[in-house]
Structure formats: structure tokens, C-alpha cells
Amino acid sequence: MSENKIPYKIYLDESEIPSKWYNLRADMKNKPAPLLNPATCQPMTAEELSGVFCEELVQQELDDTTPYIDIPQEIQDFYKMYRPAPLVRAYCLEEALGTPAKIYYKFEGNNTSGSHKLNSAIAQAYYAKKQGLKGVTTETGAGQWGTALSMACAYLGLDCKVFMVKVSYEQKPFRREVMRTYGAQVTPSPSMTTEVGKKILAEHPGTTGSLGCAISEAVEVAVTNPGYRYVLGSVLNQVLLHQSIIGLETKAALDKYGIEPDIIIGCAGGGSNLGGLIAPFMGEKLRGEKDYRIIAVEPASCPSFTRGKFAYDFCDTGMICPLAKMYTLGSGFIPSANHAGGLRFHGMSTTLSQLYHDGYMEATSVEQTEVFEAAEQFARVEGILPAPESSHAIRVAIDEALKCKETGEEKTIVFGLTGTGYFDMVAYQKFNDGEMTDYIPTDEDLAKGLSSLPVVPDQ
């Protein structure tokens, strides 16, 4: 199809919204290592996990063989309120860069939560409601996940308790108030409301918190309150499954115009956006049908892939969650108070970790000021103020496009624009005022975190 027939925004019809999620693990030769019971170091059973998670979500978490899983009609109907999301050709960015590269981004910020997180929030809330639960607990970093879950819970009439990483709670009061508007109870973490929170504060006085801390508190509240279960916005297999709708829509939109990407880029914190975006493309790569260059982008201040260790570790700072084999900086690692709160988790999805370990994708880390330079450049020409997390992908997409300018190659680049940054104005203010700094942990800093790795037989 000729170049001038490709529109700025490629939309699917409502009838083309996927009716099934794609389970990437079904096509993996080397499956992600199982979650382990920290007391016995044996694989967690469905019965053990159901004490923390909803029963149907446990089944999705453990299913490594079913390639496609039906999306319940109620969830499909909810999706139609904001999906399909557009795939946008970044013509203006291409022109500003003077690159022969063709740049596309999948925009997931066109809902009130401002991010892709609603795709899994509604699914997890739906299964909690179906099980007859009273409510759910969770953690949130930058606040996108907490916002999305509060929306989903309000829609379904569930109680919602959110532990928000303290630094984000203080930096983003308006995001906090959106959650409260939707009926959620929001607590800065670590807090004095839980036993694990008190312990963390005693060991780390004045800490700004981390996702690992907030997870510990949310899990404690879930398991000590009848009628509640814990839900997570990233990392878990079930979350990557729900987020596969991003990649399925992206591929369908590209196929509609006969476009084949060369490079696919996503920001990486726990893995939900990246895993969802790359899912069908990685599936083709695993099956030997096609090949793509897939790049995970993480902050230099929290470099799980690029400087972490592939090992079993706790998913939370309080060490009460199951052990997951992942690229990790250690559950005791407390990252610097950077402004990409959604990318401050110490570990990475077990699925993505295995794929990275097996060489199916690459990873790079970028510094905060470079990320905001890219965010500002993108905002000025494409008209969307991007979230700091999304801007990590923008940074590397621009870098790859500039490489094409040097070589003259006409590569097609696709990246995930996971959400908007309208609640991140403190960060933009710091950048505009020249007060933003970069922090890269030293080897000694990382060694401290990795020293807390549990001893697992045959690790």
C-alpha cells in the first residue's frame, strides 16, 4: 500500500477488538520457572496461591500451555468504553528528526486512568466480584495502577485498598485524589498500619518507600481480612496475559496496512506494558515464523535487566510473598526517588526474564534527564504529554530513529506509549527548572540489595 494511504491514526473497528487473550508462555520452549513457597522452596500449589489471589486468576497464573484464553463478555463490554486504542504514525516526530525511519506508537492513555493498566484492572476486579469477594488490596507506584483498579472496583461495587509508594504519594497528590474520588482508601507506604510496614520503617527510618514495600503491606492486609484478595498491576503471568490485548490490537492494525515492524520498544518496570505489547510478535519469533528486534528500556536508577541477577527472589521487601525466578536487584533494594514511579520495582516478570535470559530480546537503561528531554521533544511535535514511564520507550525510539538517519536505513519502529503525564507535573517542573538530577547506583549499592537473595537449593 502506498505511503500516503497510511493514516495518522489506525483504528480497528469495535468488532475487531480481540475476544481472546494470548498466553505467550504456551509458545515458550523454556517455560518461566514456577513460583516457590519460601518456607519449603517447593512450587506453589493452586491451593496455596488461592489464599492470596482470586481462584480463576490462580488458574491463569499457572497455565503454561493454553495459547488463547477467552475474554469474558462482561470484560469485553467494558473494554469497548475505551478500546480499540489507536496506533499512531508519528509523522511529525519523523519530520522533526529528519529520519527515514517510520515510527508508530500504540497509545494506551485514552481512558481516565491515563494508562494501559485498566486492561488488567477490570479483569482482576471482575474475577474478584465473580468469586463473591468484598474487596481487593494492591500497591501502586506512580499511581496509574491504583487509579485503574479504583475505577474498576467502583464500576463493579468492590472495596479497594491501595498502598501507594510514599514518594509518589507526596509527589502526586492529584493522582491520589482521583483514586479517592473513585472510592479507594489510599495509604502511603511504608506505613504504621501494618506489621510489615512498622518493621520496614524501623529498619529504614525516613525511607521514601518502594513497590516492594507496598506489595508487602497490601498482601498482609489481604490475608488478614476475610473476603479480600490481593491483586497486582504488573510482574505476574496473569497480568501479562490480560495486557496481551495491547499487542494483539497493535499487530491487527499493522496487518491491516501490510506493515511489518523491524524494532519493537517498550518501557520495563515489572513487565506488564512490555509483555503485553510484544506478546504476539514474540510468539511469531518463538515459533520461527518471523524475527523482530525487541528492546526493553529501564531506568538507570533501577536496572533490573541490565545489572540485576537472574535468580529466585522475594517479590516484596517484607519477604512474605512467594519466590520468583527473575532478573532482580534484591528485594531489599530501595531505588532512588526518581520520577518514573511505575519503573521502581526491584525485579522483572518471570516470563520476560526467561525470554531475556534465552536471548529473545535485549535491554538497555537510560538516565532520567535524557528521558525527559525525549518527553519534551515528543510533546512539542506530537501533542501528547507522555508519562515518565512511557518516555523511556520514546527515548530509545528516538535514538534508533537517529541511527537510521546516520545509516539511511528505512526501518519501521513501534513503541508503546503507555500513558499520559498530566499528573506528573512536579517532575516536568523539576526538569524545566534544571533541578532534575540523575542517579546511577554503584556496584556497592547493588551488592547490598543482592546480598538479601534467599538461599534456594539448585539455584
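Colleague: What should I know before reading the numbers?
Modeller: The model is predicted, so local features need pLDDT of at least 70 and side-chain atom pairs count only at pLDDT 80 or more, while totals for chains, interfaces and linings use all residues. Residues are numbered from 1 along each chain as its sequence is written, and side-chain values use heavy atoms, with hydrogens and water left out.

Colleague: Which order do the strands of the open sheet have?
Modeller: The four strands run β8-β7-β6-β9, with parallel pairing. Strands are DSSP runs of E, at least two residues, numbered from the N terminus, and two of them pair if DSSP finds at least two bridges between them.

Colleague: Which are the edge strands?
Modeller: β8 (185-189) and β9 (228-230), each pairing on one side only.

Colleague: How many bridges join β6 and β9?
Modeller: Three, in the parallel sense, with β6 covering residues 135-140. Thr137 has Tyr230 in β9 as its bridge partner.

Colleague: Changing topic, what is the volume of the second largest cavity?
Modeller: About 110 Å³. A cavity is a set of points on a 1 Å grid over the protein atoms alone where a 1.4 Å probe fits but cannot get out, and a volume is the space filled by probe spheres set on the points, which are joined across faces, edges and corners.

Colleague: Which residues line the second largest cavity?
Modeller: Among them are Leu35, Phe53, Ile215, Tyr230 and Phe345; a lining residue has an atom within 4 Å of a point. Tyr230 is also the partner of Thr137.

How values were computed:
On a 1 Å grid over the protein atoms alone, a cavity is a set of points where a 1.4 Å probe fits but cannot get out, and a pocket is an open set with protein on both sides within 12 Å along at least five of seven lines; lining residues have an atom within 4 Å of a point.
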